[in-house]
Amino acid sequence: MDTRVKNPSKWLDKIIQSTQKNDIVLFHDTQAITAEHLNHYIVECKNRGIEFVSKDSLKNVFHA
């Protein structure tokens with residue numbers, strides 16, 4: 001959704017509310033909106049009890 005943003009505030013609210021524990025969320029690092037809002041997204045998700053892990057730790061979970 002970060003490639004089709006028309007209203008950054010609505011976009012951010014939507015992805016924060018949509019993110020659940022155990023979700024894998026992908027953002028495009030080529031989008032300016034991602035860089036501008038990523039920190040706020042992470043803080044809000046952590047406030048909701050969502051933990052962030054590295055891709056390397058995911059490899060251990062999925063034995064890839």
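Author: pLDDT is the predictor's confidence in each residue, from 0 to 100. In this predicted model, the chain's mean pLDDT is 82, and 86% of its residues reach 70 or more.

Reader: What rules apply to the values?

Author: Residues are numbered from 1 along each chain as its sequence is written, and side-chain values use heavy atoms, leaving out hydrogens and water. Local features need pLDDT of at least 70 and side-chain atom pairs 80 or more, while totals for chains, interfaces and linings use all residues.

Reader: Is His37 buried or exposed?

Author: Buried means under 20% relative accessible area, exposed over 50%, partly exposed in between (1.4 Å probe, protein chains only). His37 has 18%, so it is buried. His37 sits in helix α2 (residues 32–47).

Reader: Which residues is His37 in contact with, leaving aside neighbours within four places in sequence?

Author: Contact means heavy atoms within 4.5 Å. The partners are Pro8, Trp11 and Leu12.

Reader: At what angle do α1 and α2 pack?

Author: Axes are lines fitted to C-alpha atoms, for helices over the stretch in contact; angles run from 0 to 180 degrees between N-to-C directions. Helix α1 (residues 8–18) and α2 pack at about 40°, with axes 10 Å apart. That makes α1 oblique to α2 (under 35 degrees is roughly parallel, over 145 roughly antiparallel, 65 to 115 roughly perpendicular, the rest oblique).

Technical notes:
Helix = DSSP H or I, 4+ residues; strand = E, 2+ residues; numbered from the N terminus.
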